[in-house]
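Have the structure open as you read.

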Amino acid sequence: MRRRIVRAAISLGVIFGAAAAFAFSTGPPLSRTGAPAIGGKPAEALCTVCHNLTFANDGTGTVEILDLPAFYTPGHVYPLRVRLSSTANAGYPDRKWGFEITAVYQANGLGAGTWNIPEAGNDSLRRATYDSGSTSTWKTRVYITHTSPSSHKGWPSPSEWSFAWVAPPVDSGTVIFCVAGNAANGDSASVGTDDHIYTGRDTVLAPSAVVDVPPPARERFVTAIEPPYPNPMTWLCVDVSFTIARAGNMDLAIFDTQGRRVRSLMSGWREAGPGASFWNGKRDDGSQATNGVYFVRLRAPGESHVLSRRLVLAR
């Protein structure tokens with residue numbers, strides 16, 4: 001007997017102060033949709049880098065994925081929209097809007113299908129993936145994000161973006177869509193400002209009856225640092241994403257070309273898996289670092305050498 005299809009949608013609101021995501025003219029960093037742990041893959045972060053950390057679910061708005069089907073036909077193209085609504089930034093004439101969305105298989109957490117941005121009226125959206133050589137645990141996922149031109153400066157609520165999702169070429173099981181939206185006040189500051197982050201999730205089933213899937217194996221991580229973003233660092237802050245292969249004491253810090261520690265970003269015990277931090281261009285004593293070349297260094301548990309990424313501060 002054919003199993004009954006049930007479609008579920010979850011919408012959560014999370015508030016963080018700042019508008020730094022909009023400082024990235026090419027869009028926000030990847031894997032910032034707030035996607036939960038799915039199919040053995042760990043949860044994605046939210047826009048916590050360069051944003052204040054405050055309480056979740058402030059109730060001032062929502063982000064929705066519109067026009068999703070209850071189930072997909074393999075290879076079919078589905079026009080979709082993301083709608084971001086908020087009353088929180090209504091009093092700001094320069095308010096801005098942004099989003100990031102991805103789709104993953106429920107069974108294994110890998111990226112599901114791909115995305116199309118129409119050539120006509122594409123609203124300057126960005127389709128992005130990790131580099132082919134990346135060791136990121138989310139490297140199979142494809143993302144659609146806003147860019148600076150599509151942040152809809154001054155627009156009233158709600159704000160919408162249109163694009164299309166291309167379903168997998170074969171029946172591959174349930175797909176989970178994860179989206180994050182940013183309703184910002186547009187002051188381009190990174191601390192103590194009135195920006196609000198909202199997240200949402202929705203599911204689309206395969207056309208066949210749902211079958212039991214064995215639980216995924218525990219993922220084996222590879223210690224790595226992703227390239228700092230943006231680099232050169234010309235604005236408010238730079239995103240530093242990393243992965244450690246095993247639990248233990250780790251240290252993530254900024255050093256100058258003389259090998260002197262400039263700023264400690266993260267230190268102490270941490271479980272294996274991905275993580276993220278940011279650098280706002282300041283030293284440990286709070287003073288502003290001078291423009292020039294710096295290095296992000298990761299000392300990870302069980303590793304005999306220190307991993308390093310070059311970073312240019314130019315602002």
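Which residues of β9 are buried on one side, and which on the other? Val 175, Phe 177, Val 179, Gly 181 and Ala 183 are buried on one side, and Ile 176, Cys 178, Ala 180, Asn 182 and Ala 184 on the other, so both faces of β9 are covered. Buried here means under 20% relative accessible area, with exposed over 50% and partly exposed in between (1.4 Å probe, protein chains only).

This is a predicted model, in which local features need pLDDT of at least 70 and side-chain atom pairs count only at pLDDT 80 or more, while totals for chains, interfaces and linings use all residues. Residues are numbered from 1 along each chain as its sequence is written, and side-chain values use heavy atoms, leaving out hydrogens and water.

- Strands (E, at least two residues) are DSSP runs, numbered from the N terminus.
- In a regular strand, side chains alternate between the two faces of the sheet.
- Strand β9 covers residues 175-184, and ten of its ten residues are buried, so it is largely enclosed by the rest of the structure.
- Strand β4 (residues 96-105) pairs with β9 in the antiparallel sense over ten bridges; two strands pair if DSSP finds at least two bridges between them.
- Within that pairing, Phe 99 has Gly 181 of β9 as its bridge partner.
- Strand β10 (residues 196-204) is joined to β9 by nine bridges, and the two run antiparallel.
- Here Cys 178 has Arg 201 in β10 as its bridge partner.

**Strands β12 and β15**

- Five of the seven residues of β15 (residues 273-279) are buried, so this strand is largely enclosed by the rest of the structure.
- Strand β12 (residues 238-244) runs antiparallel to β15, and seven bridges join them.
- Ser 241 has Ala 276 in β15 as its bridge partner.

**The largest cavity**

- A cavity is a set of points, on a 1 Å grid over the protein atoms alone, where a 1.4 Å probe fits but cannot get out; lining residues have an atom within 4 Å of a point.
- The largest cavity has a volume of about 70 Å³, where volume is the space filled by probe spheres set on the points, and grid points are joined across faces, edges and corners.
- Twelve residues line the largest cavity, and Pro 28, Cys 47, Phe 99, His 146 and Asn 182 lie nearest its centre.
- The elements giving two or more residues to this lining are β4 and β9.

Definitions and conventions:
Helix = DSSP H or I, 4+ residues; strand = E, 2+ residues; numbered from the N terminus. 1 Å grid on protein atoms, 1.4 Å probe; cavity = no way out; pocket = protein on both sides within 12 Å on 5 of 7 lines; lining within 4 Å.
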